[in-house]
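Subject: Structure for you to look at

Hello,

Here is the structure I said I would pass on.

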Amino acid sequence: MTQTTKFSDEIKVAIIANGKYQSRRVAAKLFDVLRDDPDFYLTKRNPDVVISIGGDGMLLSAFHAYERELDHVRFVGIHTGHLGFYTDYLDDEVDKLIDNLRKDKGDRVSYPILNVKLTLADGRSFTSLALNEAALKRHEKTMAAEVFINGVAFESFRGDGLSVSTPTGSTAYNKSLGGAVLHPTIEALQLTEIASLNNRVYRTLGSPIIVPKHEKVTIYPKRVGSYTLSVDNKTYTNRNVDKVEFSIDEHKISFVATPSHTSFWERVRESFIGDVEE
């Protein structure tokens, strides 16, 4: 079997695309160009740069595929639909992306991610990372839970569930719940209620809460039952949940810093407001 020599000055690139025709077409073009370019080495093992082709959902999948390699890997997105929050290039800008990668000096733009730890009543625990958010809900009925912030008993919650988002995820599910939009360089998490019920027994703040880095949000479900924990685009179901802890992770996601890295506020404007008349 022939082995390809990997030189240290080459950029190791992984290409990940969804199943749509346009995404596959862009991926094929990228593969054809980069395969014969001495500046690049195509591999899905320990890449320096991961190119995600599709939409924000595809970028989430790419993030989770390489979440154990965040210290050295950087991401860049090509959008094959409408402009997304995690994509810097449109599908007709492949040549522009390749040119920027040739000029790349390793610069990165980094954003915080969420650490989610679920502990069962028998002591077993499971840890996940989220780029956007995690949401806890009771499967059968209304969820009742005690909410602690940095060890302080904060409120007794009753409602459909609770969502905890990262700054980058603040424009996703969090925003639809009435949460605030945070710039992604702010190292904080956001706790948002999902259809809370307020009465004399259960009383909540009723507004989103911004929790700084190094402080933790802990949710203790009060009723036996089946709970669903959604972490980005994955959903886990467990019974006998003792607690779920949310904190800013020690690692960050990093994107390739190029002249095409779109301003966050431009993305917010284009996605929710549209062009501003001058």
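The notes below cover confidence, overall build and the cavity search.

Please keep in mind that this is a predicted model. Across the protein chain the mean pLDDT is 90, and 95% of the residues reach 70 or more. The exception to keep in view is the stretch of residues 1–7, where pLDDT stays under 50. For residues 1–7 the model has four contacts beyond four places in sequence. Where pLDDT is low, the predicted coordinates should not be read in detail.

On the overall build, the protein chain has five helices and 16 strands. Its radius of gyration is 21 Å, close to the 19 Å that the globule rule gives for 278 residues, so the chain is as compact as a globular protein of that length. Along the principal axes, the C-alpha atoms fill a box of roughly 70 × 60 × 35 Å. Of the 278 residues, 49% are buried. Among contacts with a separation of 6 or more, 71% are between residues 24 or more positions apart.

What did the cavity search find? Over the whole structure, it found one cavity of 30 Å³ or more. The volume of this largest cavity is about 100 Å³. Its lining consists of F85, Y86, D88, Y111, T168, P184, F255, H261, T262, F264 and R267. By type, the lining residues divide into six nonpolar, three polar and two charged.

Regards

Technical notes
Residues numbered from 1 in each chain as written. Predicted model: local features only at pLDDT ≥ 70, side-chain atom pairs only at ≥ 80, totals over all residues. Heavy atoms only, no water. 1 Å grid on protein atoms, 1.4 Å probe; cavity = no way out; pocket = protein on both sides within 12 Å on 5 of 7 lines; lining within 4 Å. Points joined across faces, edges and corners; volume = space filled by probe spheres on them. Nonpolar A, V, L, I, M, F, W, Y, C, P; charged D, E, K, R; others polar. pLDDT = per-residue confidence, 0-100. Contact = heavy atoms within 4.5 Å. Helix = DSSP H or I, 4+ residues; strand = E, 2+ residues; numbered from the N terminus. Rg over C-alpha atoms; globule rule 2.2 N^0.38 Å. Buried < 20%, exposed > 50% of the residue type's maximum accessible area, 1.4 Å probe, protein only.
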